[in-house]
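These are my notebook entries on a structure that I looked through step by step. I wrote down each item as I looked it up.

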Amino acid sequence: MKRLMVILLPLLTSCAVYDAVTMTKYDPNEYLLISEIRVDARHYAEACANPVMSQPNAVSMARKTELFQVYSENLPSNGDGIKAATALNEIAQGLVTQYNISNKVSPIFCKLKFEGIEHSANTIQHVLGGRPR
Amino acid sequence: MTIDDINNILASFANCDDPTFVNAANYVAQASQAAQAGQMTPQELAETLKDLQRQMEIIQDMQQLQYKERLNTAINGLLAIIGAVY
C-alpha cells in the first residue's frame, strides 16, 4: 500500500491529473443543447436557398449557441468546454452579422456556415457524451 | 503565392489519412471556388476562413477534454482496484 501511495501521490498532485479528477461531470442539459444545435444546423443548411427562411434561421441559431455558451460559462472546471462553446457561438454570430450588413447573403456562405456549425457541434457532442457520469 | 499554389496545397490534403484535414481542405476549396465564381463576396470568404480557424480551435479544445476524460476513467479504475484490494 505504501509503495502504491508513493507512486500515486506525485501523480495526483500534478496539474493534468488534478484537472482530470475535478473535471465537469456529464450534464444532460448541456448534452441536449449541443444535440439541438447540431440538428438545427443540419436542417437550416438545407433552407439557405430560401431568403425568407435563412435570416430567421440564422438568428435562431445564434440565440441557441449563445445559450450554450452562457450555460457552459459557469460550470465548474470547464475551461476547454467554455473555449469551444465561445468559438461555436462566434461562428453563429458571424452569420447574423453578415445579415445585418446586407440582406443579400450568399446561399453558399449560409450553407458553409451551418455545415461548419453542424460539424463542430458533432465534435463537441461526441466529447460531452463521454464525460464521466 | 498564387491561387494555383494554394489549390495545389489543398489538393495534397485530399489523400491525407486524417479526416480532419481532408474535411478542412474540402471546406476551404469549396469556399475559394465559390468566391472565384462570384457566388460569395470577399468578406464572406474571409469570414468562412476565420470559421475554419474556429473549428480547429474547437477540435483542439475537445481533444484536451477527451484526454482528461480518459485520465479520469483510468484514475477511477485504479482507485476501484485499490479499494477492492485494500
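This is a predicted model: local features need pLDDT of at least 70, side-chain atom pairs count only at pLDDT 80 or more; totals for chains, interfaces and linings use all residues.

I began with Asn23(B), which is partly exposed because its relative accessible area is 38%; the label buried applies under 20%, exposed over 50%, and partly exposed in between, with a 1.4 Å probe and protein chains only. I found Asn23(B) in helix 2 of chain B, where a helix is a DSSP run of H or I with at least four residues, numbered from the N terminus.

Residues are numbered from 1 along each chain as its sequence is written, chains are lettered from A and ligands numbered from 1 in the order in which they are written, and side-chain values use heavy atoms, with hydrogens and water left out.

Next I turned to the interface. The contact, meaning heavy atoms within 4.5 Å, takes 41 residues from chain A and 31 residues from chain B. Between them the two chains bury about 3100 Å², of which 66% is on carbon and sulfur atoms; buried area is the accessible area (1.4 Å probe) that two parts lose on being put together, summed over both. In chain B, the residues that lose the most area to chain A are Ile58(B), Met62(B) and Glu69(B), together 18% of what that side buries.

I then looked up the salt bridges, in which a side-chain nitrogen of Lys or Arg lies within 4 Å of a carboxyl oxygen of Asp or Glu, and the rule finds five across this interface. Lys113(A) forms a salt bridge with Glu47(B), and their closest N and O atoms are 2.6 Å apart. On the side of chain B that touches chain A, helix 2 (19-36) and helix 3 each supply at least two residues, and helix 3 gives the most, with 22 residues.

My last entry concerns Ser77(A), which I found in the loop between helix 4 (51-73) and helix 5 (79-101) of chain A. Ser77(A) counts as partly exposed because its relative accessible area is 46%. Its phi is near 50 degrees, a positive value in a residue other than glycine. Most residues other than glycine have a negative phi.
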